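Let's walk through this one together, starting at the ligand and then moving on to the aromatic rings.

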Amino acid sequence: MASLNELESFKALERHFITIKDMHMREMFEKDPDRAYKYFIKVGGIKLDYSKNRLNDETLKLLRLLAQECSLKEKIKAMYKGDKINNTEERAALHTALRNKSSFSIEVDGIDVMENVNAVLRRMEDFSRAIRIGDWLGYTNQIITDIVNIGIGGSDLGALMTCKALRNFGHPRLNMHFVSNVDGVQLQGVLESIHPETTLFIVASKTFSTQETLTNAFTARKWFLYHALDEKYIAKHFVAVSTNKQAVKAFGIDEKNMFEFWDWVGGRYSLWSAIGLAIMIYLGEENFSALLEGAYLMDRHFYCEDFENNLPIILALIGVWYINFFDAGSHIIAPYDQHLRYFPKFIQQLDMESNGKQVQKNGAKVQYDTAPVIWGDMGINAQHAFFQLLHQGTHLSPIDLIASLSKKGNLPGHHEILLSNVFAQAQAFMRGKTYDEVYKEMINNGMDKEKAEKLAPHKVFSGNRPSNIILLDEINPVNIGSLIALYEHKIFVQGVIWDINSFDQWGVELGKELAKNILAELKGQQEFNDYDSSTKHLIQIYKEFNSH
Ligand code: F6P
């Protein structure tokens, strides 16, 4: 594919950008009050208001042309039918197959994957049911009360985020724990709060070679054996989720206690697979199935709907507009719902590990920006922390404000406060407050002219700062499934526009590789001399500090 910035539609967007870049959204709303209804879309239980963006019909038309010129339709089809679109690892990216609720088969290398997908789902269901109803007993015949998921990155964040998001649907007897950090403080804290007789450990690792996960798993195993005394009990308390049968066996977990998934499931796209075992145990088979249903709903919408009414495509193109034309280097995810507190973290991996790339699929260096820095936090708390920069700082930082419409479960009076803040923040980002407005307000409040003139510049809000408002009818498994799939597809579309491979992650390798020698050095097992002086110095400081 030609470089993005050489495409006709890209050049047209560059010309269009000059005409629109200084236009204020206030003006856009005044000229076209209908934009609130025009730039609004609803899919299942999810609504998006994208009217508070620096764009008009022409912008959207040109962005859609850009998507067409990048063969988006064909590329969506290629992903869904199992083509090996992850070209550097020669793998398909078939997370859509994991929630394929239709009866259509999907093939990889001429083999229908649906049979295996459904077989593993049935095994997960049997196992989850046994834990939930108390049929699965520990080594002293007690029912399981605590589940510890040991995994990191994609083998942690999806399950953690979903369990927290859907806490209201969780089994009241089950306490869920997630251990990802190799800093022993985390695991130790969990071990201090559980009992070996009533705990199930899920060792979740696609490769089953991840240092942090295996270290934590070995320590947990040792702790368990210290209490249980006999290796035969491991089978009652440890299960594995992986694509690597041999490594699981070598760890000491029996194959019948392993839940399989496949290399065509990317780590960060894997919560729909056996990596979601913790989710299924906690929520139950029916709710897990509803989660898949919600994702499937978004998958069908993404596949079938034209570009103009396609939620993930709209979100993706708006993102491209800011990144490649307005030079916005970051994007904020701000949920206004306590259930979604891990959502920014989850999207951070999903987006940045997928699209944080610097070469096109053919290896040529990109001539344009790719993924923004994704960051964020609970919106309501962030208003009292970093929103200052979003309102008055010098960077353009587009933001997704995410909330649920349903008051259900909230304490009286709380939900209205929450939602009024979502709407007010989006309004403030868009409108801002001019010098004249600020000045007049102060004079009307009795301030003297001289003081008002001094203070006014500090109280000006330039506005014209973009936001998307994403409203879920309520937080439930279907809507959470749709929301996650929405972002997955948004990220995919952006990867297509930038012509990058969204499904590999070579950038995480170098650090892992270098840590091997340094670890041997810190343990005093080996000495290497080819470090830069800073690394050498740091190693020396560590060794000296711990030598006495
Ligand atoms: O180091 C990055 C990474 O490979 C992620 O892509 C992945 O989700 C995570 O580590 C965990 O990998 P695994 O599931 O193989 O332990």
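How many residues surround the ligand, and which are the closest? There are 13 of them, and the closest are Ser155, Ser205, Lys206, Thr207 and Thr210; a residue gets in if one of its heavy atoms lies within 4 Å of the ligand. Bear in mind that this is a predicted model, where local features need pLDDT of at least 70, side-chain atom pairs count only at pLDDT 80 or more, and totals for chains, interfaces and linings use all residues. Residues are numbered from 1 along each chain as its sequence is written, and side-chain values use heavy atoms, with hydrogens and water left out.

Sorted by type, that shell has two nonpolar, eight polar and three charged residues. (Ala, Val, Leu, Ile, Met, Phe, Trp, Tyr, Cys and Pro count as nonpolar, Asp, Glu, Lys and Arg as charged, and the others, Gly among them, as polar.)

Now for the polar contacts, meaning pairs of N or O atoms within 3.5 Å. A ligand oxygen is 2.5 Å from a side-chain N or O atom of Thr210. For Glu353 the corresponding distance from a ligand oxygen is 3.0 Å, and for Gln349 it's 3.4 Å. The protein covers 87% of the 390 Å² of accessible area that the ligand has on its own (Shrake-Rupley, 1.4 Å probe).

On to the rings: the whole structure holds 28 aromatic pairs, with ring centres within 6.5 Å. Take Phe224 and Phe238: their centres are 5.8 Å apart and their planes sit at 75°, so the pair is edge-to-face, the label for angles over 60 degrees. Phe224 belongs to helix H10 (residues 211-228) and Phe238 to strand S8 (residues 238-242), so this pair ties together parts that are 14 residues apart in sequence. Helices (H or I, at least four residues) and strands (E, at least two) are DSSP runs, numbered from the N terminus.

Definitions and conventions. Polar contact = N/O pair within 3.5 Å; in protein donor to acceptor, adjacent residues only side chain to side chain. Phe/Tyr/Trp six-rings, centres within 6.5 Å; stacked < 30°, edge-to-face > 60°.
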